[in-house]
Amino acid sequence: MSGEIQRNDHNSTFLYFSYGSNLMKERIQINNPTAEMYGVGKLTGWHLTYDVPLDYEPSQWYGASATIRPGGSNDYVYGVVWKINCEDMTYLDSQETKYKPIEVQIELSDGRLVKCRSYEMHQRTSGNHLPSPHYKEIIVRGAKQNNLPEDYIRYLEGFPDNGLASPPPNYLKVMDVVNRLASQSNNNS
């Protein structure tokens with residue numbers, strides 16, 4: 001695929017394809033408050049996996065993190081396409097330090113194709129493929145929140161995890177935002 005990441009609104013925004021914890025609105029908006037849902041999308045020819053890059057500090061999720069890897073023609077990954085202000089790209093990049101930015105072509109649920117920025121984990125990894133149950137929960141919550149296909153949600157739920165019961169720091173941060181927003185919503189009712 002050639003060309004630049006699709007930019008909108010006179011180059012003031014870009015499209016970002018998320019497939020991991022950034023599926024959840026509250027999670028992505030912690031570091032990228034301008035993120036707005038653009039649509040549900042499908043990345044064909046890639047598969048979802050979990051891993052830990054070598055030479056990195058332990059994960060703030062207490063386990064492996066999601067990544068995408070090139071796959072076969074029958075492989076695919078569903079995710080959310082977010083529209084984000086260009087000035088927030090540095091925040092997104094700093095959040096994704098274990099990953100390299102890539103350009104991918106995404107098929108939206110209405111059949112349109114869009115170019116998006118996404119992230120693939122660096123190639124030198126530990127081979128530890130087990131996420132924490134809390135990290136997996138955030139991904140599944142985001143998939144449900146954004147109405148990803150039911151069979152794909154079951155696929156996400158079926159990934160094995162490492163069984164660690166202690167909530168990781170990133171989970172606590174995300175759930176604090178979720179609880180704060182729920183409390184504000186209840187107060188406004």
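Student: Which residues does Leu 108 touch, not counting residues up to four places away in sequence?

Tutor: The model is predicted: local features need pLDDT of at least 70, side-chain atom pairs count only at pLDDT 80 or more, and totals for chains, interfaces and linings use all residues. Residues are numbered from 1 along each chain as its sequence is written, and side-chain values use heavy atoms, with hydrogens and water left out. Contact means heavy atoms within 4.5 Å. With residues up to four places away in sequence not counted, Leu 108 touches Tyr 38, Val 40, Gly 41, Val 81 and Val 114.

Student: Is Leu 108 buried or exposed?

Tutor: Leu 108 belongs to strand 7, residues 99–108. Buried means under 20% relative accessible area, exposed over 50%, and partly exposed in between, with a 1.4 Å probe and protein chains only. The relative accessible area of Leu 108 is 4%, so this residue is buried.

Student: How many Å separate Leu 108 and Asp 55 in space, C-alpha to C-alpha?

Tutor: In sequence, the two residues are 53 residues apart. In space, the C-alpha to C-alpha distance between Leu 108 and Asp 55 is 36 Å.

Student: Why do the buried residues of helix 4 lie on the same side?

Tutor: In helix 4, residues 150–157, the buried residues are Tyr 152, Ile 153 and Leu 156. They lie on the same side of helix 4 because they cover an arc of only 105 degrees around the axis, the arc being that of the directions from the helix axis to the C-beta atoms. Glu 150 and Arg 154 are exposed on the other side of helix 4. The value behind the placement is the arc of 105 degrees.

Student: What covers the buried residues of helix 4?

Tutor: Both strands and a helix contribute to the cover. Included in it are strand 4 (46–51), strand 6 (76–85) and helix 3 (133–145).

Student: What is the radius of gyration of the protein?

Tutor: The radius is taken over C-alpha atoms, and the globule rule is 2.2 Å times the number of residues to the power 0.38. For 189 residues, a compact globule would come out near 16 Å. The protein agrees with this, because its radius of gyration is 16 Å.

Note on methods: Helix = DSSP H or I, 4+ residues; strand = E, 2+ residues; numbered from the N terminus.
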